[in-house]
Amino acid sequence: MGHSAAVWDYRPAHELTSDWNGNPYVILRNPQGASARISLHGGQVMSWKNEHGEELLFTSSKAVFKPPKAMRGGIPLCFPQFGNCGSLEQHGFARNKVWAIDNNPPPLPPNDSNGKSFVDLILKPSAEDLKCWPHSFEYRLRVALGADGRLSLISRIRNVNGKPFTFSFAYHTYMSVSDISEVRIEGLETLDYLDNLFHRERCTEQGDALTFESEVDRVYLSCPNAIAVIDHAKKRTFVIRKDGLPDVVVWNPWDKKSKAMTDFGDEEYKHMLCVDGAVVEHPITLKPGEEWTGRLEIVVVPSSFCSDHLDLHKVRF
Ligand code: TA6
C-alpha cells in the first residue's frame with residue numbers, strides 16, 4: 001500500500017490524552033506535522049499549530065484550566081447564548097461543560113472527512129442545565145485538521161425537545177497575532193455593526209479595512225462568508241470562511257479591560273484578536289426535530305497571497 005493511501009485511509013487519526021489537571025484532550029495530527037488539541041472541557045480547541053510547530057491560536061498565560069471556568073483562549077463555543085443579553089450566564093453554558101466523544105455521529109458529506117484527521121464530540125443537557133435552560137438538544141461538533149493544515153469546525157445543533165427553542169451562537173476565536181497595531185481585517189468594510197462599547201448602538205464601518213488602536217467590541221452584521229485577518233509583521237493571513245454564521249464579532253480588550261480581567265495578562269492584548277463567526281442579530285429558532293449547522297474554516301496563507309489572489313466572495317466548502 002503506497003504511503004499516501006495509508007495515511008488518508010487512516011481514520012480518525014486522533015489521540016485521547018489528558019493535561020496536568022487530568023482534563024481529557026484529543027490531539028489531531030496531519031502527515032505534514034500540523035496539529036490541533038481539543039479539550040473535552042467546553043469542546044474547546046485549545047491549540048492549532050502549523051507544520052513548523054508554530055501556535056496560531058492565543059491562550060492567556062493566566063488562563064484557568066479547571067471546569068467549569070471557561071478557558072481564556074483557543075476557540076470557546078458560545079451556546080445557547082452569545083453575550084449577556086439573555087437569561088443565562090455570559091456566552092451560555094456549553095463552554096463550561098465536559099463534552100463526550102461521539103462514537104456514532106450522523107454522516108457528514110465526504111468532503112468533511114476525506115484527507116482529514118478529525119474527531120466528533122457531543123454535548124447533551126444535564127438535569128442541571130435543563131433547570132436553567134429547559135430545552136433538550138443534541139450539539140454535535142466535528143473538529144478537523146486538513147492536509148494543508150486548515151482547521152474546520154462543524155456544529156450541528158438538533159432540537160430533540162417537545163417544543164421550539166431559540167439560541168444565539170459564536171465560535172469565539174482567539175487568534176494569535178504578532179502585534180495588534182500591525183493587524184488589519186478585510187471584508188467588513190461599509191458594514192453595519194452593533195457597538196458593545198456604546199449600548200449596542202448600530203453604526204456603519206467606514207470604507208477602509210479595520211485596524212486597531214483602542215478597545216474594540218463589535219458585532220458586524222450580515223457579513224460576507226469570507227474575511228481576512230492580515231498580520232503584516234508575520235507576513236501571514238488568516239482566511240476565515242463560514243457558513244450559517246451571518247455575523248462576525250471583533251474583540252480586543254486593549255489595556256484597561258486587560259488589567260481588569262484576572263485570567264488575562266496586562267500586556268497580552270497586544271498579541272491576540274478575537275474574530276468570531278456568529279449568529280447574534282437574528283437568533284436561530286428550531287422546531288422539534290429540526291437541526292442547524294454552523295461551519296467555520298480557518299486557513300493560514302502567506303500575506304503576499306492575500307487580497308490579490310483571494311476573492312473573498314468565491315467561498316466554497
Ligand atoms: O466577544 C466579545 C465579548 O462579548 C466581550 O464583550 C468580552 O466580554 C468577551 O466577549 C469575553 O467574554 P468572557 O465571558 O469570555 O470574559
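At which residues does UniProt place the feature "binding site"? The unreviewed UniProt entry gives Arg72, Gln90 and Arg95; such annotations may be inferred rather than shown by experiment. This is a predicted model, in which local features need pLDDT of at least 70 and side-chain atom pairs count only at pLDDT 80 or more, while totals for chains, interfaces and linings use all residues. Residues are numbered from 1 along each chain as its sequence is written, and side-chain values use heavy atoms, without hydrogens and water.

**View 1. The "binding site" residues from UniProt: Arg72, Gln90 and Arg95.** They are spread over 24 residues of sequence but cluster in space, with a largest C-alpha distance of 13.5 Å.

**View 2. Arg72 in the loop between β4 (44-49) and β5 (77-78).** Strands are DSSP runs of E, at least two residues, and helices are runs of H or I, at least four. Arg72 has a relative accessible area of 16% and is therefore buried (under 20%, with a 1.4 Å probe and protein chains only). Beyond four places in sequence, its contacts (heavy atoms within 4.5 Å) include Tyr174, Trp251 and Asp263.

**View 3. Arg95 in the loop between β5 and β6 (100-101).** Arg95 is buried because its relative accessible area is 14%. Its side chain reaches the backbone oxygen of Gln90 at 3.2 Å. Among its other contacts beyond four places in sequence are His41, Gln44 and Pro76.

**View 4. Asp129 in helix α2 (residues 127-132).** With a relative accessible area of 3%, Asp129 is buried. Its side chain lies 2.8 Å from that of Lys97. Asp129 also touches Phe93 and Lys124.

Note on methods: Buried < 20%, exposed > 50% of the residue type's maximum accessible area, 1.4 Å probe, protein only. Polar contact = N/O pair within 3.5 Å; in protein donor to acceptor, adjacent residues only side chain to side chain.
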